[in-house]
Amino acid sequence: MAKFEKLLAVIFICAFIPNIIHVKANFTKSMYLTWGVQHASIIGEDLHLVLDKSSGSAARSKRSFLFGSIEMLIKLIPGNSAGVVTAYYLSSEGSQHDEIDFEFLGNSTGQPYTVNTNIYTQGKGNKEQQFHLWFDPTADFHNYTIHWNPTEIVWYVDSMPIRVFRNYENEGISYPNKQGMRVYTSLWNADDWATRGGLVKTDWSNAPFKVDFHRFRARACKWNGPATINQCAANVKANWWTSSKYKQLSYGNIRQLIWVRKNFMTYDYCKDYKRFNGHIPHECFKTQL
């Protein structure tokens with residue numbers, strides 16, 4: 001009887017251990033090209049995306065995740081990249097998709113790069129916040145991380161938080177916590193809006209444009225359908241992202257966040273009264289720290 005009870009206990013525990021995966025493999029094993037394959041490449045730890053007048057290029061992860069930390073080292077296009085967008089984001093599928101974005105908007109030579117962040121919940125976005133980078137992102141690789149758990153989403157640049165979106169679902173504000181998301185990267189022409197609202201067009205004499213990605217890492221919970229939701233959100237030791245440490249920024253991180261937003265934020269949808277006809281989204285009145 002004792003052996004039978006132990007067996008039952010093991011089965012019970014295993015049933016509630018989240019399907020966690022730590023993706024430490026290289027790009028070759030973790031991602032694949034989806035378009036523009038004729039001039040993009042994946043070699044070991046490196047992904048190279050290319051844009052010319054004929055086509056851009058893109059890649060996505062082979063699996064989907066729900067909660068965890070997704071990071072990528074990226075070296076952006078040097079020189080005149082006006083009109084070009086490099087995207088790195090998480091997204092589910094369908095018209096009611098969830099999405100968490102990093103978009104790097106190309107710049108004219110000598111101008112700072114703009115990082116556009118956005119979040120979609122149930123197919124609705126319009127939550128853009130933009131920042132100038134405080135370094136040259138074309139001179140070397142820099143770490144861009146999306147940390148996502150049941151409590152909050154944090155966008156990091158070189159371990160420095162630039163934005164937080166907290167979960168206020170209990171107050172009627174949508175939050176992405178019920179759909180697995182793949183990791184996507186893309187390089188494409190968006191000169192109808194990317195640089196100064198589309199005033200500066202892509203100069204194709206500078207093509208081909210090239211972006212280098214290195215060391216993709218996903219320390220995250222593997223998505224296996226709706227049954228995964230409770231597993232990945234469970235407050236258990238294996239789910240390190242649900243621990244108290246990751247439910248709110250530290251005081252040091254809060255100081256960094258305030259510094260970035262004070263000195264480098266260039267657009268905040270929460271302050272765009274004209275865009276929303278004075279009806280600012282509800283989450284803008286909530287604490288996002």
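Reply: Accessible areas come from the Shrake-Rupley method with a 1.4 Å probe, and for residues only the protein chains shown count as cover. On that basis the accessible surface of the protein is about 14,100 Å², and carbon and sulfur atoms hold 53% of that surface. The model is predicted: local features need pLDDT of at least 70, side-chain atom pairs count only at pLDDT 80 or more, and totals for chains, interfaces and linings use all residues. Residues are numbered from 1 along each chain as its sequence is written, and side-chain values use heavy atoms, leaving out hydrogens and water.

The protein has 4 helices and 16 strands. These are DSSP runs, numbered from the N terminus: helices are H or I with at least four residues, strands are E with at least two. Of the 289 residues, 51% are buried. Buried means under 20% relative accessible area, with a 1.4 Å probe and protein chains only.

Asp101 sits in strand β8, which covers residues 99-105. Asp101 is buried, yet has no salt bridge. A salt bridge needs a side-chain nitrogen of Lys or Arg within 4 Å of a carboxyl oxygen of Asp or Glu. For Asp101, the nearest side chain of opposite charge is Arg163, 8.3 Å away. Here Lys and Arg count as positive, Asp and Glu as negative; His and the chain ends are not counted.

What is Asp101 in contact with, leaving aside neighbours within four places in sequence? Its partners are Tyr88, Tyr89, Asn116, Thr117, Asn118, Tyr120 and Trp155. Contact means heavy atoms within 4.5 Å. Across the protein, among contacts between residues at least 6 apart in sequence, 68% join residues at least 24 apart.

Methods: Buried means under 20% relative accessible area, exposed over 50%, partly exposed in between (1.4 Å probe, protein chains only).
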